[in-house]
Amino acid sequence: MSEDLHTVSQNGKVCYMEIPATDIRASADFYEKVFAWKIRKDNEGNISFDDTVGQISGMWVIGRKPSAETGILISIMVTSAADTLKLIAKNGGKIIREPEGDGEVIALFSDPAGNVFCLYQSSH
């Protein structure tokens, strides 16, 4: 190989997610209202998303079990875990674990379909 794959800046970067949903529109509304994700239609007309910094995109899918706290856990960075948890509760999500930590704060929540994610608030 002429180039070491691990030196390429984009190699290994997480870039796309498919999130299980029971109602794609409800899930899209939840992530748009809570995290300000950009909701759009992809080239095939599916409701899709881009995160707020354009680093991760994806879509919601029907027919898969929601991700649980016991499997892979994805963290979503927020500026205020407390404020975001209020938005989660207001928009159909559930708080699984209240915020904990000094400096760096984490909390667990589930979206309207039951997928469990972690909120991450940096100490910076």
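Predicted model: local features only at pLDDT ≥ 70, side-chain atom pairs only at ≥ 80, totals over all residues.
User: Are Arg25 and Asp29 buried, partly exposed or exposed?

Analyst: Buried means under 20% relative accessible area and exposed means over 50%, with partly exposed in between. Arg25, with a relative accessible area of 39%, is therefore partly exposed, and Asp29, with 26%, is partly exposed as well.

User: Which residue forms a salt bridge with Arg40, and which strands hold the two partners?

Analyst: Arg40 forms a salt bridge with Asp50, and the closest N and O atoms are 2.6 Å apart. Arg40 lies in strand S2 (residues 38-41) and Asp50 in strand S3, so this pair ties together parts that are ten residues apart in sequence. The cut-off matters here, because Arg40 at 27% relative accessibility counts as partly exposed, whereas Asp50 at 19% counts as buried.

User: Which residues are linked in a network of salt bridges?

Analyst: The network links Glu69, Arg97 and Glu100. Within it, the side chains of Arg97 and Glu69 meet at 3.4 Å, N to O. Arg97 lies in strand S6, while Glu69 lies in the loop between strand S4 (57-61) and S5, so the pair ties together parts that are 28 residues apart in sequence. Arg97 is partly exposed at 30% relative accessibility, and Glu69 is partly exposed with a relative accessible area of 39%. For the whole model, the count comes to five salt bridges.

User: Now to the sheet: in what order do the four strands of the open sheet stand?

Analyst: As a general idea, strands of a sheet pair through backbone hydrogen bonds, and they do so either parallel or antiparallel. In this structure the order is S5-S8-S7-S6, and the pairing is mixed. The edge strands, each of which pairs on one side only, are S5 and strand S6 (94-100). On average, neighbouring strands of this sheet are turned by 20 degrees against each other, direction ignored. S6 and S7 run antiparallel and are joined by four bridges; Ile95, for instance, has Phe109 in S7 as its bridge partner.

User: Which strands does H1 lie across, and which does H2 lie across?

Analyst: H1 lies across S5, S7 and S8, and runs at about 35 degrees to S5. H2 lies across S5, S6, S7 and S8, and runs at about 150 degrees to S8.

User: How many residues does the largest nonpolar core have, and which of them have the most contacts inside it?

Analyst: The core has 22 residues, and those with the most contacts inside it are Tyr31, Phe35, Trp37 and Trp60. Among the elements that give two or more residues to this core are helix H1 (24-35), helix H2 (81-90) and strand S8 (116-121), and H1 gives the most, with five residues.

User: Where is Tyr31 found, and is it buried or exposed?

Analyst: Tyr31 is found in helix H1, and because its relative accessibility is 0%, Tyr31 counts as buried. Leaving aside neighbours within four places in sequence, Tyr31 is in contact with residues including Ile19, Trp60, Ile76 and Phe117.

Key
Residues numbered from 1 in each chain as written. Heavy atoms only, no water. Core = buried A, V, L, I, M, F, W, Y, C linked by side-chain atoms within 4.5 Å. Buried < 20%, exposed > 50% of the residue type's maximum accessible area, 1.4 Å probe, protein only. Contact = heavy atoms within 4.5 Å. Pairing = 2+ DSSP bridges. Axes fitted to C-alpha atoms, helices over the stretch in contact; angles between N-to-C directions. Salt bridge = Lys/Arg side-chain N within 4 Å of Asp/Glu carboxyl O.
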